[in-house]
Amino acid sequence: GYLHQEIAWRRLSSEHMRASTLVATGTGSGKTECFLFPVLDHCVRSKNEGEAGIKALVIYPMNALATDQARRIAELIAKTPAFAGLRVGLYVAGASGAPGSGVMMPPTSVITDRDTLRKNPPDILLTNYKMLDYLMLRPKDRKLWERNGPKTLRYVVVDELHTFDG
């Protein structure tokens, strides 16, 4: 591990500081882990307390990055017993998988079927800023947020912030 990951854990963990945080380090230095582990940890504890709804929103600049990270997160959840039962959804243009029950997440992918996501919102939602606009305004997407209380959405992560410049 890296010192910046340990500092990020202390700042971001909902058991610790719960502080807004900006991580700026070199390529391949583990920026994703800085937010991912505190988010997953919070989602497990929140779910164990019976809280439903979207607890974390991760916004990516491009669909390709969101899709790549979705696979990585799904594999991490599948191989980590402590994260068993967490559900992650990917809502980007062009990504809509086969409908499923939505109760369980396959080990190598996240949930992409939009009806499944609306009926049974995930703990973590991955999207991009354009789709987020739709998710907040489109009447048919309001179901995604129905189970959220005022304190349910604890994390909003913007990955690759510099690409939003201008």
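Which pattern does the protein follow when it is read along the sequence? The pattern is α-α-β-α-β-α-β-α-β, which comes to five helices and four strands, where helices (H or I, at least four residues) and strands (E, at least two) are DSSP runs numbered from the N terminus. This is a predicted model, in which local features need pLDDT of at least 70 and side-chain atom pairs count only at pLDDT 80 or more, while totals for chains, interfaces and linings use all residues. Residues are numbered from 1 along each chain as its sequence is written, and side-chain values use heavy atoms, with hydrogens and water left out.

**The whole chain**

Begin with the C-alpha trace, which fills a box of roughly 40 × 40 × 30 Å along the principal axes. Of the 166 residues, 44% are buried, a word that here means under 20% relative accessible area, with exposed meaning over 50% and partly exposed in between (1.4 Å probe, protein chains only). If you display contacts (heavy atoms within 4.5 Å), then among those with a separation of 6 or more, 69% join residues 24 or more positions apart.

Colouring by charge shows 22 positive and 17 negative side chains, with the centres of the two sets 4 Å apart. For this count Lys and Arg are positive and Asp and Glu negative, without His and the chain ends, and each charge is placed at NZ of Lys, CZ of Arg, CG of Asp or CD of Glu.

**The nonpolar core**

Now select Phe35, Val39, Leu40, Ile77, Val88, Ile124 and Leu126, which touch the most other members of the largest nonpolar core, a set of 40 residues. Such a core is a set of buried Ala, Val, Leu, Ile, Met, Phe, Trp, Tyr and Cys residues joined through side-chain atoms within 4.5 Å. At least two residues of this core are supplied by each of α1 (3-12), α2 (31-48), β1 (56-60), α3 (63-79), β2 (88-91), β3 (124-128), α5 (129-137) and β4 (155-158). The largest share, seven residues, comes from α2.

Centre the view on valine 39, which lies in helix α2 and counts as buried at 1% relative accessibility. Leaving out residues up to four places away in sequence, valine 39 touches Ala56, Ile124, Tyr155 and Val157. Leucine 57 is 18 residues from valine 39 in sequence and 9.6 Å from it in space, C-alpha to C-alpha.

Move on to leucine 126, whose contacts beyond four places in sequence are Val58, Tyr60, Ala66, Ala70, Ile73, Val88, Gly89, Leu90 and Tyr91. Proline 61 is in the loop between β1 and α3 and, at 17% relative accessibility, counts as buried.

**Two further stops**

Is arginine 18 buried or exposed? With a relative accessible area of 54%, arginine 18 is exposed, and this residue is found in the loop between α1 and α2. Its phi is near 55°, a positive value in a residue other than glycine. Most residues other than glycine have a negative phi.

Finish at isoleucine 7 in helix α1, which counts as partly exposed at 36% relative accessibility. A C-alpha distance drawn from isoleucine 7 to glycine 149 gives 29 Å, for two residues that are 142 apart in sequence.
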